[in-house]
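Me: Could you take a close look at one part of this protein with me? I would like a connected account that I can follow with the structure open.

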Amino acid sequence: MPQLIKNFLGALLVSVTALSYAQDAATTAVPASTTETPDSRPDGDLLSRCRKPEYPMVALRNAFQGNSVIGLNIDESGKIEGVNILKSSGWRILDDTVSSTIMGCQLVATAPNKKMTKIVAYKWSYNGAIEYQPELIPESCAESELVRFASDKERGRGIVVGAYISDIGMPGRFSLEWGSGKPELDRASVELVKTCKFKAASRDQKKLSAPVSLRLFPKNPVQ
């Protein structure tokens with residue numbers, strides 16, 4: 001079984017083995033937390049009023065997981081009229097799925113008669129998810145003149161780059177999940193990730209190939 005999982009994680013999207021694995025996985029995202037902003041009204045049952053996003057099959061076949069942190073703009077009737085990705089799960093398909101699913105959701109039974117904002121987080125995970133994800137070795141990366149890696153404490157979506165990390169810690173199959181709108185910064189972000197090495201993912205003390213995503217910011221914020 002460990003060898004099968006390893007092959008599945010390194011396979012392309014059309015893999016029959018991957019499809020079978022995905023059907024056994026959990027198919028919904030789990031509400032992780034709700035953070036109230038000063039002008040919003042406390043509502044502990046907020047997320048239960050919205051339809052839960054279904055795990056995209058493409059994301060399951062590629063073993064994507066993470067937390068999507070989303071800002072909600074709520075109208076006077078209590079309905080979501082706008083969403084913003086404040087911090088990506090690391091995979092755009094997961095972020096977009098949450099956003100499209102909850103857009104227009106009626107959050108409250110009684111209209112608040114004022115606009116509100118809230119922040120919600122959705123945790124994407126599934127049965128059989130890899131326990132230990134690939135880990136960046138920062139000192140292995142080259143220096144970039146344009147971009148840098150973000151710390152976990154920094155706010156903002158930033159530039160998000162995805163990659164598959166082999167069982168020997170080498171990155172490949174790169175993707176720009178969220179761009180900056182500036183091609184030179186986006187290219188520099190992907191190129192920086194290409195120079196790095198990683199600690200490989202593992203399960204039961206065995207190393208596996210697995211996806212990872214990294215968030216970056218411009219070194220010069222005004223660029």
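Which residues have the most contacts inside the largest nonpolar core?

Reply: Happy to walk you through that core. One note before we start: this is a predicted model, where local features need pLDDT of at least 70, side-chain atom pairs count only at pLDDT 80 or more, and totals for chains, interfaces and linings use all residues. Residues are numbered from 1 along each chain as its sequence is written, and side-chain values use heavy atoms, with hydrogens and water left out.

The residues with the most contacts inside the largest nonpolar core are Tyr 55, Leu 72, Ile 80, Leu 94, Ile 102 and Leu 107, and the core has 26 residues. A nonpolar core here is a set of buried Ala, Val, Leu, Ile, Met, Phe, Trp, Tyr and Cys residues joined through side-chain atoms within 4.5 Å; buried means under 20% relative accessible area with a 1.4 Å probe, protein chains only. Two or more residues each come from helix H3 (57-61), strand E2 (66-74), strand E3 (80-87), helix H4 (92-102), strand E4 (116-124) and E7. Helices (H or I, at least four residues) and strands (E, at least two) are DSSP runs, numbered from the N terminus. E4 gives the most, with four residues.

Now pick out Ile 102. Setting aside neighbours within four places in sequence, Ile 102 is in contact (heavy atoms within 4.5 Å) with Cys 50, Arg 51, Leu 72, Ile 80, Val 83 and Tyr 122. A second, separate core has 16 residues, including Ala 163, Leu 185, Phe 198 and Val 212. Of these, Leu 185 is one of the buried residues of H5. Across the whole protein, buried residues make up 44% of the 223 residues.

Terms used:
Buried means under 20% relative accessible area, exposed over 50%, partly exposed in between (1.4 Å probe, protein chains only).
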